[in-house]
Amino acid sequence: AIHEAGHAVVAHTLGADVSEVEVWCPGFDSNQGNVLHGSVRDEASRLAITVAGQVAERKAGYRKRFDWRTEGWGGNHVADGVKVRGKQGTRAAIRVADEILREKWPGVEALAEALVEGIRQNGLCCLRRDQFLAILLPRE
């Protein structure tokens, strides 16, 4: 849940319209889910959104280091980013995600907790835009 919350918060902060955040595996440290959001224009922001899940996991203590090969389907985007922007550009995206998550961490944790609670109650959790914003905005 912290993984998807990281993607969602970074996407929202970088101007993407987050329409839903979904998690289908129990556990605060689960990375099984999806974030639906509108696109952002610049490649650096897209890459920061892509790496944000792993950065959030690392910040929460679930991951020791970033691995661009294990981001699921997003791994292709990360790999493409490494090819296009180089490792230095990808490291810059990791720094952007890390700065955003550090500043917005209470909102990331609150969102992850809401996702985990939704799974406990329903076996699946999908928060829509209004629910996501109701959790995140009071903490900004």
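Trainee: Which helix does Ile-119 lie in?

Mentor: Ile-119 lies in helix 3, which covers residues 74–122. Helices here are DSSP runs of H or I with at least four residues, strands are E runs of at least two, and both are numbered from the N terminus. Before we go on: this is a predicted model, where local features need pLDDT of at least 70, side-chain atom pairs count only at pLDDT 80 or more, and totals for chains, interfaces and linings use all residues. Residues are numbered from 1 along each chain as its sequence is written, and side-chain values use heavy atoms, with hydrogens and water left out.

Trainee: What does the chain's secondary structure come to?

Mentor: The chain has four helices and three strands. Along the sequence, they follow the pattern α-β-β-α-α-β-α.

Trainee: Why does Ile-119 count as buried?

Mentor: Buried means under 20% relative accessible area, exposed means over 50%, and partly exposed is in between (1.4 Å probe, protein chains only). Ile-119 has 7% relative accessibility, so the residue counts as buried. Its C-alpha is 7.0 Å from that of Trp-24, though 95 residues separate Ile-119 and Trp-24 in sequence.

Trainee: And what makes His-12 partly exposed?

Mentor: The value for His-12 is 21%, so this residue counts as partly exposed. His-12 lies in helix 1. From His-12 to Val-40 is 28 residues in sequence and 9.9 Å in space, C-alpha to C-alpha.

Trainee: How do you know that Val-21 and Val-51 count as buried?

Mentor: Val-21 comes out at 0% relative accessibility, so Val-21 counts as buried. Val-51 also gets its label because its relative accessibility is 0%. Val-21 is found in strand 1 (residues 18–23), whereas Val-51 lies in helix 2 (residues 43–60). The C-alpha of Val-51 is 7.6 Å from that of His-7, which is 44 residues away along the chain. For the chain as a whole, 46% of the 140 residues count as buried.

Trainee: Which residues does Val-21 touch, leaving out those up to four places away in sequence?

Mentor: A contact means heavy atoms within 4.5 Å. Val-21 touches, among others, Glu-4, Ala-8, Asn-34, Leu-115, Cys-125 and Phe-132. The C-alpha atoms of Val-21 and Asn-34 are separated by 6.1 Å, with the two 13 residues apart along the chain.

Trainee: Why are helix 1 and helix 4 called roughly perpendicular?

Mentor: Helix 1 (residues 2–13) and helix 4 (residues 129–136) pack at about 85 degrees, with axes 12 Å apart. Angles from 65 to 115 degrees count as roughly perpendicular, under 35 as roughly parallel, over 145 as roughly antiparallel and the rest as oblique. That is why these two helices are roughly perpendicular to each other. On the helix 1 side, Ala-8, Val-9 and His-12 meet Phe-132, Leu-133 and Leu-136 of helix 4.

Trainee: What sits over the ring of Trp-105?

Mentor: The charged end of Lys-59 does, 5.0 Å from the ring's centre. The rule asks for NZ of Lys or CZ of Arg within 6 Å of the ring centre and within 35 degrees of the ring normal.

Definitions and conventions:
Axes fitted to C-alpha atoms, helices over the stretch in contact; angles between N-to-C directions.
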